[in-house]
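Hi there,

Here's the structure I promised to pass on. Have a look at it first, and then read my notes below.

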Amino acid sequence: MLLVTDLQGRLRALDWVDSEVRMQRLLQLHYGQHGLVLTSGAAPKSIHGCLDAYWSGDLSALNAVPVKTGGTSFQQSVWAFLRTIPAGHTRSYQEQARAIGRGSAVRAVAGANGANPVGIVIPCHRVIGSGGSLTGYAGGIERKRWLLRHEGGNF
């Protein structure tokens with residue numbers, strides 16, 4: 001995985017290695033050309049530890065990761081809701097839209113989920129189609145299925 005943190009150790013972006021182009025595009029979208037200075041280095045130990053714990057089965061470990069995102073206030077409300085969905089559970093895009101008080105904005109909610117710069121930690125993979133179908137995950141449907149199974153879902 002690739003990740004970007006700020007000087008305060010907050011996670012700004014997290015994505016799969018094969019999604020680096022997408023990650024760069026989202027960083028540009030959310031922070032502009034001069035918003036973040038990217039350098040190479042090890043992940044902060046606190047974030048690395050939380051990710052390791054998650055992959056090892058401690059599904060609540062990601063709750064401790066400090067996150068700071070760019071984005072519009074609407075996007076931030078969509079992403080904040082995602083962090084309230086418990087591991088092993090899912091919500092539909094419609095349920096998500098209703099939960100943030102924007103019941104008629106299902107497509108906009110789906111678009112905001114797709115612009116989520118912090119995959120896994122802001123768990124957009126937990127949102128599914130209203131009929132229970134696995135849809136709309138930038139990392140691919142098979143990864144989404146794997147993540148949901150890892151979290152105890154039956155997909």
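Predicted model: local features only at pLDDT ≥ 70, side-chain atom pairs only at ≥ 80, totals over all residues.

Residues are numbered from 1 along each chain as its sequence is written, and side-chain values use heavy atoms, with hydrogens and water left out.

Let's start with Ile-120. You'll find Ile-120 in the loop between α5 (106–114) and β4 (127–128). Although Ile-120 isn't a glycine, its phi is positive, about 70 degrees. Is Ile-120 buried or exposed? It counts as buried, because its relative accessibility is 1% (buried means under 20% relative accessible area, exposed over 50%, partly exposed in between, with a 1.4 Å probe and protein chains only). Beyond its neighbours within four places in sequence, Ile-120 is in contact (heavy atoms within 4.5 Å) with residues including Met-1, Trp-16, Tyr-54 and Leu-147.

Now the cores. A nonpolar core is a set of buried Ala, Val, Leu, Ile, Met, Phe, Trp, Tyr and Cys residues joined through side-chain atoms within 4.5 Å. The largest one has 29 residues, and Ile-120 and Val-121 touch the most other members. β2 (11–15), α2 (45–55), α3, α4 and α5 each give this core at least two residues, with the largest share, five residues, coming from α3. Another core, of five residues, lies apart from it, with Val-4 and Ala-13 among its members.

Those two residues also turn up in the strands: Val-4 stands opposite Ala-13 in β2. β1 (residues 2–5) and β2 pair in the antiparallel sense over four bridges (strands pair if DSSP finds at least two bridges between them). Their hairpin has five residues between the strands, and Gly-9 there has a positive phi near 80 degrees.

In α3 (residues 73–82), Phe-74, Gln-75, Val-78, Trp-79, Phe-81 and Leu-82 are buried. They line one face of the helix, because they fall within an arc of 155 degrees seen down its axis (the arc is that of the directions from the helix axis to the C-beta atoms). In α6 (residues 141–150), the buried residues are Lys-144, Leu-147 and Leu-148. Their arc is only 95 degrees, so they sit on the same side of α6. They pack against α2, α4 and β4.

Happy browsing!
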